[in-house]
Amino acid sequence: MTYTLILGNRLYFSWSIAAYMMVKKFDLSNHVDIQIVLPKEEADIARFLKDHPPAKTLPTLITPDGVAVSDSLAIAEELSSRFPDAKMWPVDAKSRALARTVAAEMHSSFGGLPGLCCTNRVEGVLPLTPDGFSLQPLFGVCQVQ
Ligand SMILES: N[C@@H](CCC(=O)N[C@@H](CS)C(=O)NCC(=O)O)C(=O)O
């Protein structure tokens, strides 16, 4: 059973880097084929993905049963359900609850962050201003745990 993970260029596409790191960190490379979109296709990603509705963004995971999962948190949840041995979420219930909180918060609450701190692994990362985005309390709780 092979999954296909379609990614943008990992030098610039932060959402794609996140999905790529999931596959590497949890040792899923034997199950997940990585396909990188070519630069000439980056301008119209929705068109590139037209054969995989409802996907319109990268990363997109195509499951062996043909479902296009096209949101990085949904990809994380789907891989976690399908590969329980990988233990993508912490096993301990309290740690898992916190991990889910932080992942969901990061995913839904900081929409301006990618625009302010563009990912560019060629030229480097721009300075982060965590206070402006109230990231500090979130990270603080994680450090205490
Ligand atoms: N919520 C999505 C966001 C993904 C996203 O916005 N991807 C951008 C590239 S970094 C994209 O594919 N944009 C193409 C478009 O909007 O046409 C996720 O978590 O994966």
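**Figure 1. How much of the chain is buried?** In this predicted model, 17% of the 145 residues of the chain count as buried.

**Figure 2. A look into the largest nonpolar core.** In soluble globular proteins, nonpolar side chains tend to be buried together. Here the largest nonpolar core has 16 residues, and the ones touching the most other members are Leu-5, Leu-7, Ala-19, Leu-61 and Ile-75. Which elements give two or more residues to this core? They are strands S1 (3-7) and S3 (60-62), plus helices H1 (14-25) and H3 (72-82). S1 provides the largest share, with four residues.

**Figure 3. Zooming in on Leu-61.** Set aside the neighbours within four places in sequence, and Leu-61 is in contact with Tyr-3, Leu-5, Val-69, Ile-75 and Glu-78.

**Figure 4. Who surrounds the ligand?** Look for Gly-8, Phe-13, Trp-15, Ile-45, Ala-46, Thr-57, Leu-58, Pro-59, Asp-71, Ser-72 and Leu-73 around the ligand. Sort this shell by type and you get seven nonpolar residues, three polar and one charged. Helix H2 (45-48) and H3 each supply at least two of the shell's residues.

Figure 5. Most residues other than glycine have a negative phi, and most peptide bonds are trans. The bond from Pro-53 to Pro-54, though, is cis, with omega near 5°, and Pro-54 sits in the loop between H2 and S3. The bond from Leu-58 to Pro-59 is cis too, with omega near 5°. Pro-59 also lies in the loop between H2 and S3, and both Leu-58 and Pro-59 are part of the shell around the ligand.

Figure 6. Asp-27 isn't a glycine, yet its phi is positive, at about 60°. You'll find Asp-27 in the loop between H1 and strand S2 (32-36). Is Asp-27 buried or exposed? With 11 other C-beta atoms within 10 Å, Asp-27 is exposed. Lys-87, another residue other than glycine, has a positive phi near 50°. Its place is in the loop between H3 and helix H4 (93-109). Lys-87 counts as exposed because 11 other C-beta atoms lie within 10 Å, and the cut-off for exposed is 12 or fewer.

How values were computed:
Residues are numbered from 1 along each chain as its sequence is written. This is a predicted model: local features need pLDDT of at least 70, side-chain atom pairs count only at pLDDT 80 or more; totals for chains, interfaces and linings use all residues. A nonpolar core is a set of buried Ala, Val, Leu, Ile, Met, Phe, Trp, Tyr and Cys residues joined through C-beta atoms within 7 Å. A residue is buried if 20 or more other C-beta atoms lie within 10 Å of its own, exposed if 12 or fewer, and partly exposed in between; C-beta atoms are placed from the backbone. Two residues are in contact if their C-beta atoms, placed from the backbone, lie within 7 Å. A residue is near a molecule or strand if its C-beta atom, placed from the backbone, lies within 6 Å of it. Ala, Val, Leu, Ile, Met, Phe, Trp, Tyr, Cys and Pro count as nonpolar, Asp, Glu, Lys and Arg as charged, and the others, Gly among them, as polar.
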